[in-house]
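Thanks for coming. I have one structure to go through today, so please look at it while I talk.

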Amino acid sequence: MSGFRGRFAPSPTGRMHLGNIRSALLGWLQARAAGGRFLLRIEDLDRARCKPQYVEDLMADLRWLGLDWDETPLVQSQRDDIYREALATLENEGLVYPCFCTRGEIARAASAPHGLSEEGPRYPGTCAHLTVDQRAERAKTRAPAWRFRARPGEVRFVDALMGPYSQDVDAVVGDFVVRRNDGVASYQLAVVVDDAATAITHVLRGDDLLSSTPRQLQLYTALGEQAPDFLHVPLVNGEDGKRLAKREGAFALAELRERGLAPERVLGLLAAWSGLGDGSPRTLDALVRAFSLEALPRSPVVAREAVLIEALGLR
């Protein structure tokens, strides 16, 4: 057994679609081809949208395809104390501060048109230098979020698939949220704390998260943790050019299971999307032998309905 440790970290907000399960498969194949371990983490911090039934569904989906995991799954909703400890560490170092701004206030204050990330407009630092008295006064009417003081300058890393990537977090995102104003840890903090706690060495995930990586690298450094290697795979998009989404019922794997489809058919389709096969049914053993980072596509995959129906034998 090598020291390789990978993971799959789904959010149980709906039934998994073929794009989700492709990421799970590729992460599993990467770990097994390296003779390493593969972990499962349930990212259920969105309490309003995450449902226990979806956790059961995704585990059933993984097992149906033969994707196993090596340790007890880590569940984020059970780790509030761990995230608070990490926040306290950052606070003791003067690296975070309470922020009382609303989204609307941030949008109105934003002035740099290039400063836009998936979090929205660049945070202009409105609350970065409030006095103790000012914080106390604002806390009377609004619970604060907590923001990490982004370090200026380019954060650089080499993605195993996409190659060199850099971003000036301070210029593009600004100080970013690590705990929301409802007391829940943000994705950026939770993923770093959890990957470090489980000694993850390799992260394979969708390239929609590529731009999050520089923020996470700053948090790894601030918490004194070793960052894993990253590999971001292009997403699976629908024919409209938009990524597949759970809420749109994009070929949910549970539905394919329930229709009695052979898992080898699904594996064959996912292999074809990943440069590892021609679309014919495949087994996991064959895919482990065929796995190659060089074979993975560098551009999004288009899931055409007619092709899916034929490949999966749904006619």
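Helix 1, residues 18-33, packs against helix 10, residues 263-273, at an angle of about 80 degrees, and their axes are 10 Å apart. The axes are lines fitted to C-alpha atoms over the stretch in contact, with angles running from 0 to 180 degrees between N-to-C directions. The two helices are therefore roughly perpendicular, a label that covers 65 to 115 degrees. Helix 1 contributes Leu18, Ile21, Arg22 and Leu25 to the contact, and helix 10 contributes Val266, Leu267, Leu269, Leu270 and Trp273; contact means heavy atoms within 4.5 Å.

A word on the source: this is a predicted model, where local features need pLDDT of at least 70, side-chain atom pairs count only at pLDDT 80 or more, and totals for chains, interfaces and linings use all residues. Residues are numbered from 1 along each chain as its sequence is written, and side-chain values use heavy atoms, with hydrogens and water left out.

Helices here are DSSP runs of H or I with at least four residues, and strands are runs of E with at least two, numbered from the N terminus.

Phe8 lies in strand 1, residues 5-8. Is Phe8 buried or exposed? Phe8 is buried, at 9% relative accessible area, where buried means under 20%, exposed over 50% and partly exposed in between, using a 1.4 Å probe and protein chains only. Tyr187, in helix 7, is partly exposed at 28%. Not counting residues up to four places away in sequence, Tyr187 touches Glu43, Arg205, Leu209 and Gln216.

Key: Parallel < 35°, antiparallel > 145°, perpendicular 65-115°, else oblique.
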